[in-house]
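Biologist: Please show me the model, and then let us go through it by question and answer.

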4 protein chains.
Amino acid sequence: MTVKIGVIGCGAIGLEHIKRITNTLSGGKIVAVNDINENNAKKIIADLHLDAKFYADGHELIRSADVDAVLVTCWGPAHKEFVLEAVKQKKYVFCEKPLATTADDCLEIVEEEMKQKKHLVQVGFMRRFDEGYVALKKTIDEGQIGAPLILHAAHRNPAVDEKYTTDMAINDTMIHEIDVLHWLLDDEYISAQVIYPRKTGNASSHLADPQIVLVETKKGIRIDVEIFVNCKYGYDIKCEVVGEDGIAYLPEPATVQTRQKAALNRPILMDWKQRFIKAYDYEIQAFINNINKGQKLNGPTSWDGYAAALTADVCVQAQQNPGKILPIKMKDRPDFYK
Amino acid sequence: MTVKIGVIGCGAIGLEHIKRITNTLSGGKIVAVNDINENNAKKIIADLHLDAKFYADGHELIRSADVDAVLVTCWGPAHKEFVLEAVKQKKYVFCEKPLATTADDCLEIVEEEMKQKKHLVQVGFMRRFDEGYVALKKTIDEGQIGAPLILHAAHRNPAVDEKYTTDMAINDTMIHEIDVLHWLLDDEYISAQVIYPRKTGNASSHLADPQIVLVETKKGIRIDVEIFVNCKYGYDIKCEVVGEDGIAYLPEPATVQTRQKAALNRPILMDWKQRFIKAYDYEIQAFINNINKGQKLNGPTSWDGYAAALTADVCVQAQQNPGKILPIKMKDRPDFYK
Amino acid sequence: MTVKIGVIGCGAIGLEHIKRITNTLSGGKIVAVNDINENNAKKIIADLHLDAKFYADGHELIRSADVDAVLVTCWGPAHKEFVLEAVKQKKYVFCEKPLATTADDCLEIVEEEMKQKKHLVQVGFMRRFDEGYVALKKTIDEGQIGAPLILHAAHRNPAVDEKYTTDMAINDTMIHEIDVLHWLLDDEYISAQVIYPRKTGNASSHLADPQIVLVETKKGIRIDVEIFVNCKYGYDIKCEVVGEDGIAYLPEPATVQTRQKAALNRPILMDWKQRFIKAYDYEIQAFINNINKGQKLNGPTSWDGYAAALTADVCVQAQQNPGKILPIKMKDRPDFYK
Amino acid sequence: MTVKIGVIGCGAIGLEHIKRITNTLSGGKIVAVNDINENNAKKIIADLHLDAKFYADGHELIRSADVDAVLVTCWGPAHKEFVLEAVKQKKYVFCEKPLATTADDCLEIVEEEMKQKKHLVQVGFMRRFDEGYVALKKTIDEGQIGAPLILHAAHRNPAVDEKYTTDMAINDTMIHEIDVLHWLLDDEYISAQVIYPRKTGNASSHLADPQIVLVETKKGIRIDVEIFVNCKYGYDIKCEVVGEDGIAYLPEPATVQTRQKAALNRPILMDWKQRFIKAYDYEIQAFINNINKGQKLNGPTSWDGYAAALTADVCVQAQQNPGKILPIKMKDRPDFYK
């Protein structure tokens with residue numbers, strides 16, 4: 001069987017998903033495309049030789065009998081309405097982060113999905129499909145390091161542009177750690193604190209960089225995340241889990257080690273796009289495979305979308321109250337999402 | 001477009017290729033299947049819900065108008081006849097190693113292919129598609145370590161069974177280094193010598209293990225390959241290239257490092273099947289993509305199949321004359337294969 | 001010239017220093033020994049064939065014309081009186097940590113030393129003489145990583161006994177980080193916060209383990225120190241300095257890497273005594289050499305002893321007020337100690 | 001007790017040993033100095049404030065009642081006569097490599113020493129005192145990797161000057177591997193073969209660089225040593241021992257790892273003098289301590305000096321017969337040296 005997929009929004013990430021479904025992945029086919037820019041959409045259909053129809057109206061695309069599943073890859077503020085429509089139509093929907101722009105809007109989707117009694121939504125937090133995180137989770141779940149107690153993380157970017165603001169360190173950067181770490185630890189967040197180290201001379205005047213976010217979980221695990229978006233040296237993601245019996249590390253990407261110029265060295269990526277490139281393939285392939293096999297979706301759920309939105313909100317408040325420990329008051333996780 | 005593929009031989013590797021083309025890769029479809037065991041072939045068609053026809057005769061399968069490309073994955077001695085038939089029919093053919101059981105038979109295929117004036121044959125040396133070797137080749141080709149002078153390699157297996165004989169160290173094990181290293185160095189072999197170190201107590205009585213094979217190239221690069229198939233500790237492939245300006249190493253697989261029990265450690269694979277598992281996907285995907293796009297095949301050619309067969313023959317002779325340096329007298333590479 | 005040394009207190013560390021001065025180091029000689037246990041002291045003199053006199057009174061030992069320099073290695077509460085006496089007698093004195101049991105007592109020593117207008121006191125924080133920290137400091141001071149912004153540290157012990165209490169995590173364990181990190185960064189501490197992660201099941205009931213101490217410096221550098229004294233896996237000291245242009249790490253001890261039993265691994269020490277064993281030699285050798293050459297002592301000063309005591313006091317208060325950020329109000333560093 | 005030491009030859013290495021005995025090590029004292037350049041010797045005595053007498057005649061120095069032990073650090077061709085004299089006088093003698101310029105001359109010393117029935121000679125192969133090799137030997141001797149089967153080694157220098165000739169790759173460079181590897185493996189050499197890889201463009205016209213020397217031991221262990229003295233990137237010593245159950249590696253020096261400029265890197269030494277600097281201290285300290293304690297010397301013996309000389313001779317012949325496997329016909333090791 002082939003999953004017939006409609007795409008809402010053909011910008012950067014939308015176009016990439018169209019390409020990977022068409023050229024790389026197995027079991028899915030783009031049959032419908034919507035974009036606010038009709039010419040752009042039609043050009044993509046032509047350029048990629050898609051056997052797909054253009055829809056001027058995203059809702060119409062969702063409701064079309066030709067469409068089995070929907071990709072919501074338009075701009076963030078429009079995510080909610082299309083995801084909600086898809087859920088109401090009992091259609092599978094893959095939505096790029098964020099699920100919605102507020103925690104309340106995410107909750108509305110959660111409730112609609114529960115009403116449908118079926119897991120229909122997958123949110124595009126791709127790190128859960130990264131082989132490194134998967135292997136790290138396996139190591140923890142096998143009990144190799146005992147119960148996790150502390151997690152040290154870092155999210156480093158070589159540089160950001162002038163438009164990058166302090167809150168984006170939470171909403172655009174750390175949002176990936178917010179999602180992946182509670183999945184990794186099988187836990188939930190209960191408080192957050194932000195502290196500001198000495199500022200790098202390489203950040204724009206309005207930006208606090210680096211930042212450290214301290215997060216506490218229900219089980220008492222303490223997480224510290226260093227966010228450093230002008231670190232200059234490379235795009236680098238670190239995750240070290242300290243357990244009762246040992247420590248486990250997120251693998252570094254496999255690269256060619258050399259000995260040259262008085263140094264033993266391994267290259268570090270400068271371009272973040274390369275770091276999790278396969279995880280994008282894997283998350284979409286999993287979405288397609290699960291639909292094809294009638295299995296429950298195994299990626300981030302709409303509840304995870306809500307949890308991420310709420311946690312990010314508190315972290316942004318914590319940024320505005322440096323040193324203060326703020327509670328994260330999440331609703332109880334419904335049985336449906338356990 | 002979808003490449004319609006016929007498979008000759010559905011044993012272990014044949015079945016795996018059928019599965020990956022059907023479930024994982026993009027752009028190809030299994031339409032025809034041949035196997036000496038009809039029941040087995042039909043069971044596979046049924047189990048995997050293939051939309052494919054069974055052919056009792058491999059030659060008929062090759063000649064069928066339904067078939068664009070052929071996978072030859074039957075037992076080695078039958079490779080030659082099916083590859084030759086495919087080439088004569090001007091059909092693309094992917095043949096598992098060996099291309100043929102003798103260097104002369106390989107040459108016959110080479111000549112037939114040249115007569116057809118089209119690159120039709122890809123041999124299943126998957127390591128050229130391994131990301132690690134590709135990255136290593138890139139490092140060399142970029143000139144980071146200057147001109148290569150020496151190459152140290154090792155091919156280690158935890159254990160082999162009683163049936164594994166001394167010559168298999170060349171024909172089944174080192175055959176992969178034979179192919180991948182001359183590609184890596186863009187060079188050709190001119191001599192070989194075998195020396196036998198002290199034997200491990202873990203090998204069967206009839207087996208010389210470990211062995212060291214010393215190979216010389218046209219450019220004068222000296223290669224030493226340690227073959228150790230009862231090394232106990234893991235499946236481990238090493239490649240270190242010593243150049244005029246520095247040294248480059250084949251990356252180790254990315255794994256979860258831990259600190260536990262008084263040691264900093266990283267797991268080493270025990271199962272060789274895991275080591276190059278993605279390279280199998282990539283070699284077949286490249287085969288399909290190149291056909292689909294009308295591009296020249298970019299994997300090992302029938303000439304490479306000949307070069308590997310001839311080199312392996314001399315290495316086996318060198319096994320029988322320990323310490324002697326034997327010449328490898330390869331024909332001149334035709335322009336067609338440059 | 002040979003420095004004639006008197007030792008006050010021949011317990012564990014005192015005896016070790018006597019042995020290293022006698023058997024390993026150059027330029028010093030034990031000439032006088034004091035201990036509350038006369039028999040013990042005399043036995044040591046006999047066993048090691050020391051050409052040394054026993055003094056029943058430490059003050060008398062200090063005042064003896066035979067003694068050029070004093071080692072104060074008796075129990076902590078008695079440090080102050082002997083160090084003070086030595087300073088008053090204008091004799092060089094090496095004092096094991098702590099310099100005194102309170103910050104105020106340390107200040108009294110500081111003032112007496114300033115009165116003498118000569119640097120006479122070296123405190124036994126040996127890590128400043130560890131080759132790893134010295135190399136790390138050099139890397140920072142050379143500007144390789146730009147201005148330091150964040151420092152991540154960990155101090156891990158495989159296990160502690162029942163007598164180890166929560167405050168000892170500061171006074172006995174982290175005290176080494178307290179001294180070495182401000183030297184490393186050439187900076188001073190201004191605040192501390194303690195947070196308690198989920199407790200390990202391997203700690204005794206009365207002990208909070210692990211702990212995280214967050215320290216802020218005058219320059220704004222943020223330090224996080226994980227203290228985990230029942231980590232099981234090994235004795236492990238980590239220090240990672242995040243700078244504007246890059247990151248530098250404290251070297252791991254050089255050990256024999258092996259491949260065995262499906263793992264690439266390197267041993268981690270279980271015994272803390274091995275970790276900085278050479279640093280003890282180097283600190284005492286430097287003390288002797290500087291005296292011999294009439295150079296200024298280059299180890300931790302009495303001011304550093306004061307700074308460590310005050311910082312430790314605030315960290316212990318911070319332990320009692322989890323989550324609260326407490327100020328560290330240090331006096332201004334006198335020019336004499338700059 | 002203090003060992004009273006006389007030094008014959010105060011050139012580079014002689015002067016360094018004088019300094020370390022005087023300023024760094026414990027238990028020894030320079031009391032006598034001989035050098036062909038009287039002014040040089042007297043200047044050293046004055047500059048270092050040595051309480052030592054100048055001897056115009058090395059033999060007189062050896063026979064002096066003031067001298068307990070002799071350091072022979074003059075030029076190679078004169079080693080034999082002074083070592084022989086010292087042995088005849090039953091004085092301990094530490095001789096820099098080579099023990100003598102021919103294997104036969106070494107044998108003469110061996111025989112004289114056996115006649116004296118006392119181990120009096122230590123040869124200056126310092127690597128046996130390097131902590132890395134010691135740890136590697138311990139790993140092997142503990143049986144962690146089972147019986148050794150293969151040893152891969154490399155000896156790389158960034159560059160050598162015009163005066164460095166092809167045979168020096170054996171006599172000056174690989175001579176260290178020749179001594180340390182048979183000690184490491186507790187074995188003896190029985191054959192050698194030299195092969196010449198493609199030559200680096202960075203070597204002078206008369207020099208073959210790199211070279212590979214293949215050595216076989218009595219137990220059947222196969223050793224390959226890459227000698228590359230214009231490798232450009234650094235001074236680098238590799239030793240990998242392949243055993244029945246696993247592999248062990250000589251540790252790399254502990255250095256500060258950094259992340260900077262798109263790379264994770266660790267510095268490699270450019271200056272060979274730094275690589276084994278502590279081993280020089282340790283070999284001399286062991287020499288002094290063993291004399292002081294009346295223990296048998298535990299460094300390389302005169303027999304080891306003979307074995308190194310003979311092996312080097314065969315390797316030089318093997319250089320002149322590339323590809324040929326030449327036997328190393330060593331005399332049977334007398335019980336005295338077992």
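**Fold and contacts**

Modeller: Residues 137–321 of chain A are 34% helix and 27% strand, with the end C-alpha atoms 33 Å apart; helices (H or I, at least four residues) and strands (E, at least two) are DSSP runs, numbered from the N terminus. This is a predicted model, in which local features need pLDDT of at least 70 and side-chain atom pairs count only at pLDDT 80 or more, while totals for chains, interfaces and linings use all residues. Residues are numbered from 1 along each chain as its sequence is written, chains are lettered from A and ligands numbered from 1 in the order in which they are written, and side-chain values use heavy atoms, without hydrogens and water.

Biologist: Which domain does UniProt list for residues 137–321 of chain A?

Modeller: The entry is unreviewed. UniProt positions are in the numbering used here, feature names are shortened, and annotations may be inferred rather than shown by experiment.

Biologist: Which strands stand at the edges of the open sheet of six strands in chain C?

Modeller: Two strands pair if DSSP finds at least two bridges between them. With parallel pairing, the order in chain C is E3-E2-E1-E4-E5-E6. Each edge strand has a single partner, so one side of each lacks a neighbour in the sheet; the edge strands of chain C are E3 (53–55) and E6 (121–123).

Biologist: At what angle to E5(C) does helix H4 of chain C run?

Modeller: Helix H4 (residues 79–88) of chain C lies across strands E1 (3–8), E4, E5 and E6 of chain C, where contact means heavy atoms within 4.5 Å. Axes are lines fitted to C-alpha atoms, for helices over the stretch in contact, and angles run from 0 to 180 degrees between N-to-C directions. For H4 against E5(C) the angle is about 160 degrees.

Biologist: Which three residues supply 22% of the area that chain A buries against chain C?

Modeller: Buried area is the accessible area (1.4 Å probe) that two parts lose on being put together, summed over both. Between chain A and chain C this is about 2,900 Å², with carbon and sulfur atoms giving 59%. Supplying more than any other three residues on the chain A side are A:Arg198, A:Arg222 and A:Glu244.

Biologist: Which residue of chain A meets C:Lys232 in a salt bridge?

Modeller: A salt bridge is a side-chain nitrogen of Lys or Arg within 4 Å of a carboxyl oxygen of Asp or Glu. The count between chain A and chain C is four. For C:Lys232, at 3.2 Å from N to O, the partner is A:Asp245.
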